[in-house]
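The following report describes selected features of one protein model, from its secondary structure elements to individual residues. Please read it alongside the sequence and the coordinates.

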Amino acid sequence: MTLSSSEPGRRFAGTVALVTGASRGIGLAIAARIVAEGGQVVITARNAEGLADAVATLGGPESATAVAGKADDPAHQAETFQTITDRHGRLDVLVNNTGVNPAYGPLTELDDVAARKIMDVNVLSALSWTRQALKAGLGRDSLGSVVNIASVAGLAPSPGIGYYGVSKSALIGLTFQLAAELSPRVRVNAVAPAVVRTKFAAALYESDEEAASSMYPLERLGEPEDVGAAAAFLASADAAWITGQTIVVDGGRSLRAGL
C-alpha cells in the first residue's frame, strides 16, 4: 500500500475531509485545521445559517461545502455523500464529531427517549457515517482515516452526565472494533477531550470557570483548537502507523483523577 506523503504545514493538500457537527466549537476547529493545511472540507450540522457562517470562516466555497441536516437522519447522510461525490469525487478523511446530551442527572432517573437519542446520535450515527463513507470511496485509492470524537466521560464515571459517558464508552469500543475490521485500508482512531470551552459544554464550567480550571494541572480548560490539533494529527499521514487508539486531551486532568 502506498502511503500519502506530506510536507510540513500541508498535511492535507489534495485531500477531502467530511466533518460532522462542524458549524461551531470542536468540529469547526477541526475543519479549520484541515483547511489551513491545504485540505478541502464538507461540513454538516443541523442549522443552515450556522453552517453558512462556518463556510465563510473557513474561506468560502473554494475550501468548504455545507450540508444541513440531522446527523442520525439517513436522508441527510445520503445527501451529504452525494454532495461529496458530485463536488469532489473522493473522500480521504471522516471525522465523526456530532454529539448530543439532552439528559442530566443520575442514570436511575434517565428518560428512555433521551437515552435512545443519545445512543442514536453519538454512536449509531457514527457507525452509519462510516459505512456510507466506505461506499463513497474512503480507503479505496489511498489509506483512509476515521477520527471519532469521544470524551474522557467515556473512560471514567461522570456524575451528572452518566449516560453521555456510556455513549462515549460505546464510541471508543466502536473505534476499536472498526479499526480491526477496516485495516489495512482505513485507520480508525478517537480523541477523548475533557471539558472544552464550547457552547456544548458551557453547563460544566460557566458558573465558575476559575474553579473548573483549577482542576487541571495545566490550569485552564481546553480550547477547540486543542482538540482540532489532535484530531488533525490522527487524520493525517503523520499518524499512518496508528490505528485503534484513543488520545486523551485533558490538560493533565487524568493525573488527578487516577485514570
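Helices (H or I, at least four residues) and strands (E, at least two) are DSSP runs, numbered from the N terminus. The model is a predicted one, in which local features need pLDDT of at least 70 and side-chain atom pairs count only at pLDDT 80 or more, while totals for chains, interfaces and linings use all residues. Residues are numbered from 1 along each chain as its sequence is written, and side-chain values use heavy atoms, with hydrogens and water left out.

S158 is found in the loop between β5 and α5 (162–182). Its relative accessible area is 17%, and the residue is therefore buried (under 20% relative accessible area; exposed is over 50%, and partly exposed is in between, with a 1.4 Å probe and protein chains only). A polar contact is a pair of N or O atoms within 3.5 Å; within protein, one must be able to donate a hydrogen and the other to accept it, and residues adjacent in sequence count only if both atoms are side-chain atoms. The side chain of S158 reaches the backbone oxygen of A156 at 3.2 Å, and a polar atom of this side chain lies 3.4 Å from the backbone oxygen of A153.

Helix α7 comprises 12 residues, 224–235. The expected span of a helix is 1.5 Å times one less than its number of residues. For α7 this gives 16 Å, and the end C-alpha atoms are 16 Å apart, which agrees. The buried residues of α7 are P224, V227, G228, A230, A231, A232, L234 and A235. They pack against α1 (25–36), β4 (93–96), β5 (144–149), β6 (186–193) and β7 (246–249), where contact means heavy atoms within 4.5 Å.

A nonpolar core is a set of buried Ala, Val, Leu, Ile, Met, Phe, Trp, Tyr and Cys residues joined through side-chain atoms within 4.5 Å. The largest such core has 30 residues, of which V19, I30, V41, I43, L58, V147 and V191 touch the most other members. Two or more residues of this core come from each of β1 (16–19), α1, β2 (40–45), α2 (48–57), β4, β5 and α7. Another core, of 25 residues, lies apart from it and includes V16, A136, L182 and V188. Beyond its neighbours within four places in sequence, I30 is in contact with V19, V95, I149, G228 and A231.

**Strand β6**

N189 is placed in strand β6 and, at 0% relative accessibility, counts as buried. Its side chain reaches the backbone oxygen of I242 at 3.0 Å. Leaving aside neighbours within four places in sequence, N189 is in contact with V146, V147, N148, T175, L234, I242, T243, G244 and Q245.

P193 also has its place in β6 and counts as buried at 4% relative accessibility. Not counting residues up to four places away in sequence, P193 touches I149, A150, S151, V152, V227 and V249.

**Packing of α3 and α4**

Helix α3 (residues 74–87) and helix α4 (residues 112–135) pack at an angle of about 35 degrees, with their axes 11 Å apart. Axes are lines fitted to C-alpha atoms, for helices over the stretch in contact, and angles run from 0 to 180 degrees between N-to-C directions. In this pair, H76, Q77, T80 and F81 of α3 meet S125, S128, W129, Q132 and A133 of α4.

**Backbone geometry**

Most residues other than glycine have a negative phi, and most peptide bonds are trans. A cis peptide bond joins S183 and P184, with omega about 5 degrees; P184 lies in the loop between α5 and β6. E219 has a phi near 60 degrees, a positive value in a residue other than glycine. E219 is found in the loop between α6 (209–213) and α7, and is exposed, with a relative accessible area of 66%. L221 is found in the loop between α6 and α7, and is buried, with a relative accessible area of 3%.

**Separations along the chain and in space**

The table lists C-alpha to C-alpha distances for selected pairs.

| Residue pair | Separation in sequence | C-alpha distance |
|---|---|---|
| P193 and A150 | 43 residues | 7.0 Å |
| L221 and A153 | 68 residues | 15 Å |
| A32 and D208 | 176 residues | 29 Å |

A32 has its place in helix α1 and is partly exposed, with a relative accessible area of 33%.
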